[in-house]
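Subject: Structure handover

Hello,

Please find the structure below, followed by notes on what was found in it. Could you read the notes alongside the coordinates?

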Amino acid sequence: MKRFDDQRMDILMGRLLQVGVLLASAVVLIGGVLYLHQHTGTPANFRTFAGEPANLRHIGRLLRLVATGDGAAVIQLGALLLIATPVARVLFAVIGFAIERDRLYIAVSLTVLIVLLLSLFHSS
């Protein structure tokens with residue numbers, strides 16, 4: 001087994017970010033194709049703004065819609081994966097610094113993770 005050091009951690013974090021962005025992009029692309037197929041012939045209305053429907057704002061409902069092949073839900077899932085990618089990177093950093101027993105960087109990474117999670121789940 002290779003030794004876990006800063007260089008190996010940097011490489012793994014870079015791969016994590018690459019895979020996360022590519023996965024999110026693929027999901028959004030698939031969702032876009034599904035959405036266009038499902039809404040072929042539907043005229044677009046750009047005169048009024050319509051936000052996301054409530055069923056796309058709650059993860060449980062969103063996943064049920066994804067399971068049915070709803071294009072808009074698949075696009076939304078891709079956006080969530082894209083948002084989750086840097087959060088996963090910070091979580092990986094906490095684990096990596098814990099393996100290295102670097103308390104200062106564990107504390108800094110945990111602080112960043114807490115701020116990220118609070119900003120994601122704070123409802124205004």
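F49 lies in the loop between α1 (6-38) and α2 (59-67); helices (H or I, at least four residues) and strands (E, at least two) are DSSP runs, numbered from the N terminus. At 79% relative accessibility, F49 is classed as exposed. The cut-offs are under 20% relative accessible area for buried, over 50% for exposed, and partly exposed in between, with a 1.4 Å probe and protein chains only. From C-alpha to C-alpha, F49 and L16 are 36 Å apart in space and 33 residues apart in sequence.

On provenance: this is a predicted model, in which local features need pLDDT of at least 70 and side-chain atom pairs count only at pLDDT 80 or more, while totals for chains, interfaces and linings use all residues. Residues are numbered from 1 along each chain as its sequence is written, and side-chain values use heavy atoms, with hydrogens and water left out.

The overall picture is as follows. The chain has 4 helices and 0 strands, in the order α-α-α-α along the sequence. Its radius of gyration is 19 Å, whereas a compact globule of 124 residues would have one near 14 Å; the radius is taken over C-alpha atoms, and the globule rule is 2.2 Å times the number of residues to the power 0.38. The C-alpha trace spans about 60 × 35 × 25 Å along its principal axes. Of the 124 residues, 19% are buried. Among contacts (heavy atoms within 4.5 Å) between residues at least 6 apart in sequence, 63% join residues at least 24 apart.

The accessible surface of the chain is about 9,400 Å², and carbon and sulfur atoms account for 67% of that. These areas come from the Shrake-Rupley method with a 1.4 Å probe; for residues, only the protein chains shown count as cover. There are 11 positive and 7 negative side chains, the centres of the two sets lying 6 Å apart. Lys and Arg count as positive and Asp and Glu as negative, without His and the chain ends; each charge is placed at NZ of Lys, CZ of Arg, CG of Asp or CD of Glu.

Next, helix α3 (residues 71-100), where T85 is located. T85 is buried, at a relative accessible area of 7%. Its side chain reaches the backbone oxygen of L81 at 2.9 Å. A polar contact here is a pair of N or O atoms within 3.5 Å; within protein, one must be able to donate a hydrogen and the other to accept it, and residues adjacent in sequence count only if both atoms are side-chain atoms. Not counting residues up to four places away in sequence, T85 touches L16, L17, G20 and V21.

R101 sits in the loop between α3 and α4 (103-121). R101 is not a glycine, yet has a positive phi of about 60°. With 73% relative accessibility, R101 is exposed.

I106 is 13 residues from A93 along the chain, with 7.8 Å between their C-alpha atoms. Beyond its neighbours within four places in sequence, I106 contacts V94, F97 and A98. S109 is buried, at 9% relative accessible area. A polar atom of the S109 side chain lies 2.9 Å from the backbone oxygen of Y105. With neighbours within four places again set aside, S109 is in contact with V90, A93, V94 and F97.

Regards
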